[in-house]
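This report covers selected local features of one protein model. Please look over the sequence and the structure before reading on.

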Amino acid sequence: MKDLFATSIKYQQGSLYVLDQHQLPHQEHWLPCDSTDTMISLIKKLQIRGAPLIGIGASLLLAHLAEQGLNADELKIQAERLRAARPTAVNLMNCIDRMLNTLNNQGTAGLSSCAEQLFDEDVELCQRMADFGAELIADGANILTHCNTGSLATAGVGTAIGVIGAAQLQGKQPHVWVDETRPLLQGARLTTWEMAHLNISHTLICDSMAATLMAQGKVDVVLVGADRIAANGDFANKVGTYSLAVIARHHKVPFYVVAPYTTVDPRCDNGKTIPIEQRSAAEVQGVSGSFGEIIWTPENTPVYNPAFDVTPAELVTGWIQDTGVYRPAQITDGALKNLGTR
């Protein structure tokens, strides 16, 4: 397999490495990944994250394992284990399906080429979304975003942050309100890191401050990513996204979802059928890091910790995809469902 390089994943001289997103923004530490157990652990711990990127990472690992001599039957077992690592992110399933289809039709020899194609395709998809989305951004726009949707979450420039970066390159000089994104602070740790690297003006806020900003007229548009989009336009994204959509509708602020066709799941008729991952109570009970562990709740406090919530299509102004911007009237005609099956 050829050498491949992205912001947070690389395949170099026959070895796969993942940028440890737990260590950001203060350390850039690359972790080797040469087994299914390691990749699953990295995914579950969110050391590699972002719906597009985990699909790419799993595909590169399968190709690597094939080059290491695993036979077809063994690769199929490992593929199914990887598929189950993040139940909400449909990009992972789509990438695994394409790898398995290649394995069935071309044998193990075809997996490296398939993984390379998936990597290169994601780079292209991100750029197309960025170009389409940037046309919607006005000069000096104040943009609110949630979680992390940039090059740390994809092989390319990102989804929502890709749009923001393209607008910056066009000289529009946007300003970004960065939701901290509780409980794991992907906005505070990762999006601020990306904004600094892109030289984009930004301000970090607590998630609960978004409504006040909109009431004060300080938000012109909301851009978010997605982990799975149902056929009717409902979508799952990092928990807290639904709240933003409701607030944006009340304040008449445009609300856009930015995601490639690989995030559309035509088998999900609506958001009610999207599986939602439940995560550890420890993420809400306290915080841990290089400094140690802090618990701020009483012992044995019950916790509800879904990783994602579902935003209904009726709250979405438009879906920015790699083939264009889709409005609600187009979604009722099945445009997204057709994208997901192309």
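How many aromatic pairs does the structure hold?

## Aromatic pair

The model is predicted, and the structure holds one aromatic pair. The ring centres of F235 and F255 lie 6.3 Å apart and the planes meet at 35°, so the pair is classed as tilted. F235 belongs to strand β10 (residues 235–238) and F255 to strand β11 (residues 255–258), so the pair ties together parts that are 20 residues apart in sequence. Both F235 and F255 are buried.

Strand β8 (residues 221–224) runs parallel to β11 and is joined to β11 by three bridges. Strand β16 (residues 318–321) is also parallel to β11, again with three bridges. V257 has a residue opposite in each of these strands: V224 and, in β16, W319.

## Helix α1

Helix α1 spans residues 36–44, and its buried residues are T36, M39, I40, L42 and I43. These residues cover an arc of only 160° around the axis, which puts them on the same side of α1. An α-helix has 3.6 residues a turn, so residues three or four places apart point the same way.

The cover over the buried residues of α1 includes strands β3 (15–19) and β4 (30–32), together with helices α2 (51–67) and α3 (72–83). Just after α1, L46 has a positive phi of about 60°.

## Charges over rings

Two lysines are described here. The charged end of K10 sits over the ring of W30, at 4.4 Å from the ring centre. The charged end of K238 sits over the ring of F308, at 4.9 Å from the ring centre. K238 falls within the residue range of β10 (residues 235–238), the strand that holds F235.

## Cysteines

A disulfide is a covalent bond between the sulfur atoms of two cysteines. The structure holds zero disulfides.

How values were computed. Residues numbered from 1 in each chain as written. Predicted model: local features only at pLDDT ≥ 70, side-chain atom pairs only at ≥ 80, totals over all residues. Heavy atoms only, no water. Buried < 20%, exposed > 50% of the residue type's maximum accessible area, 1.4 Å probe, protein only. Helix = DSSP H or I, 4+ residues; strand = E, 2+ residues; numbered from the N terminus. Arc of directions from axis to C-beta. Contact = heavy atoms within 4.5 Å. Phe/Tyr/Trp six-rings, centres within 6.5 Å; stacked < 30°, edge-to-face > 60°. Lys NZ or Arg CZ within 6 Å of the ring centre and 35° of its normal. Disulfide = S-S within 2.5 Å. Pairing = 2+ DSSP bridges.
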